[in-house]
Amino acid sequence: MMSLPEMNEFLGCRTPDAWVEAALQDLPTLLQDHANNEKKAAGAAFHYLFTYSNRAELSWKMSRIAREELRHFEQVLQIMKRRGIEHRNVSSARYAGALRKLCRNHEPLKLTDSLVIGAFIECRSCERFGAVAPHLDAELGKFYSGLLASEARHFQDYLKLAYLYGERDDVDAKIAEVRALEVELITSSDRELRFHSGIPCAA
């Protein structure tokens, strides 16, 4: 399994300290968006299951990912309930939508591009768990630290599937393209705090 330094190299940049500071000042919003992201991640895994049901390795890995993401969703909800934070929808970050604009529209490139983008989303999630965990209270810090292994595995699963179904040179080129945009999204100013946002303007 990749270490965090190797994952940081894959991403191209670390999370800016200003984002960490903003997140620590608004944990209710962070938890709201985290819960929604886990639900969306499960939905994405189910989408792969139904859209590409003839691909056995993808079906196996996405079934496992869907179960784990739903479990994480339930765990975040439990933490929110204990803290008196009502679950509600919050607007999505610009992050995933911007990355998905790099996805080509024809198969099999649509599949491999979306898997590369999924790998970046999972890898950034893992990196951000690691960035905030040391600064949190005992309960939340333990929870986020515990998520590191599963999120790292999800990242690797997405990346391995991209290489399985795509040509290596093409996948490498898409990784470089997505990395450049991902760094820009993470390091630039953003309107609001979200789990995958850039630096909130107020930070």
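**Rings, charges and a helix crossing**

R168 lies over the face of Y163, at 4.2 Å from the ring centre, where a charge counts as over a ring if NZ of Lys or CZ of Arg is within 6 Å of the ring centre and within 35 degrees of the ring normal. This is a predicted model, in which local features need pLDDT of at least 70 and side-chain atom pairs count only at pLDDT 80 or more, while totals for chains, interfaces and linings use all residues. Residues are numbered from 1 along each chain as its sequence is written, and side-chain values use heavy atoms, leaving out hydrogens and water.

**Aromatic rings**

- There are nine aromatic pairs in the structure, a pair being rings of Phe, Tyr and Trp (its six-membered ring) with centres within 6.5 Å, called stacked with planes under 30 degrees apart, edge-to-face over 60 and tilted for the rest.
- F10 and F155 make a tilted pair, at 4.8 Å centre to centre and with 55 degrees between the planes.
- Because F10 lies in helix 1 (residues 4-11) and F155 in helix 7 (residues 138-165), this pair ties together parts that are 145 residues apart in sequence; helices are DSSP runs (H or I, at least four residues) numbered from the N terminus.
- One aromatic cluster is formed by W19, F129, F143, Y144 and F195, and the charged end of R128 sits over the ring of W19, 3.9 Å from its centre.

**Helices 7 and 8**

- Helix 7 contacts helix 8 through L159, A162 and Y163, which meet R168, V171, D172 and I175 of helix 8, contact meaning heavy atoms within 4.5 Å.

How values were computed: Helix = DSSP H or I, 4+ residues; strand = E, 2+ residues; numbered from the N terminus.
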